[in-house]
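Here are some notes for a first look at this model. Please keep the structure open while you read.

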Amino acid sequence: MQEDEIDLRELFKTLAKNRKIIIFTTLIITLAAIVYALMKNPTPVYQGKVLVEIGEIQSDNFGTSYFDNPDNLSIVVSNQFENISASVPKGTNKLIELTSSSTNKDLISNNLNSAVSFILERHKEKASFHTKHIMTKQIGETQIDGTPINIPKKKLIVAVAFVTGLILSIFFVFFLEFIRNEKREK
């Protein structure tokens with residue numbers, strides 16, 4: 001047989017001969033992942049969201065326009081409130097979504113209500129200069145998820161550790177076989 005050919009029978013014989021090392025290494029890495037996954041219980045972080053529809057100014061001369069550009073308003077709100085993330089949902093041009101995350105659900109509700117109040121007051125002030133307008137309003141209730149957003153995926157952690165352990169143990173066995181062959185040749 002030539003030196004650059006790969007003999008699959010020899011590879012499988014090497015794996016079968018060293019199956020205890022493969023099983024032991026895979027088992028150790030998987031057990032370590034199980035212990036890690038079971039010990040990992042972070043403080044739950046919840047997330048709340050609310051939608052705000054930006055009001056319109058109706059003018060006989062200039063047509064309709066919004067009180068604020070949604071992109072600009074999202075930047076203003078994000079800068080004004082450090083715990084609020086504001087964004088414009090895809091496919092919309094007059095909605096803004098406010099999001100807040102915290103370990104305390106009441107704090108999330110207070111943060112979102114403060115941001116909505118800020119937007120409403122800002123637009124009431126602008127509306128006072130116009131006779132025809134549709135006022136900015138909150139759409140629906142503030143939604144706070146009951147499940148934390150930072151739950152570790154324990155099954156995924158263990159599965160990835162098992163596959164990684166198996167691959168590393170096979171690599172380790174072939175590396176040991178390579179060293180043994182080098183010693184035999186010398």
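Predicted model: local features only at pLDDT ≥ 70, side-chain atom pairs only at ≥ 80, totals over all residues.

**Notes on the sheet and its helices**

1. Four strands form an open sheet in the order E4-E5-E1-E7, and the pairing is antiparallel. E4 and E7 (137–144) are the edge strands; each has a single partner strand, so one side of each has no neighbour in the sheet. Neighbouring strands of the sheet are turned by 15° against each other on average, direction ignored.

2. Next, the pairing of E1 with E5. Strand E1 covers residues 46–53 and is joined to E5 by eight bridges, running antiparallel. Glu53 has Leu95 as its bridge partner in E5.

3. On its other pairing, E1 meets E7. Five bridges join these two strands, again antiparallel. Here the bridge partner of Glu53 in E7 is Lys137. Find Glu53 in the view and trace both partners, Leu95 in E5 and Lys137 in E7.

4. Then E4. This strand spans residues 84–87 and pairs with E5 over four bridges, in the antiparallel sense. Ala86 has Leu98 as its bridge partner in E5.

5. How many of the eight residues of E5 are buried? Six are, so the strand (residues 95–102) is largely enclosed by the rest of the structure.

6. Now the helices on the sheet. H3 (residues 70–80) lies across E4 and E5. Helix H3 runs at about 175° to E4. H4 (residues 105–127) also packs on the sheet, where H4 touches E1, E4, E5 and E7. The direction of H4 makes about 150° with that of E5.

7. Helix H5 takes in residues 154–185. At 1.5 Å a residue, its 32 residues should span 46 Å; the end C-alpha atoms are 46 Å apart, so the two agree. Buried residues in H5 include Ala161, Gly165, Ser169, Val173 and Glu177. Against which helices do the buried residues of H5 pack? They pack against H1 and helix H2 (19–39).

8. Finally, Thr14. This residue sits in helix H1 (residues 8–17). Is Thr14 buried or exposed? Its relative accessible area is 8%, and the cut-off for buried is under 20%, so Thr14 counts as buried. The Thr14 side chain reaches the backbone oxygen of Glu10 at 2.8 Å. Beyond its neighbours within four places in sequence, Thr14 is in contact with Val173, Phe174 and Glu177.

Notes. Residues numbered from 1 in each chain as written. Heavy atoms only, no water. Buried < 20%, exposed > 50% of the residue type's maximum accessible area, 1.4 Å probe, protein only. Polar contact = N/O pair within 3.5 Å; in protein donor to acceptor, adjacent residues only side chain to side chain. Contact = heavy atoms within 4.5 Å. Expected span 1.5 Å × (residues − 1). Pairing = 2+ DSSP bridges. Axes fitted to C-alpha atoms, helices over the stretch in contact; angles between N-to-C directions.
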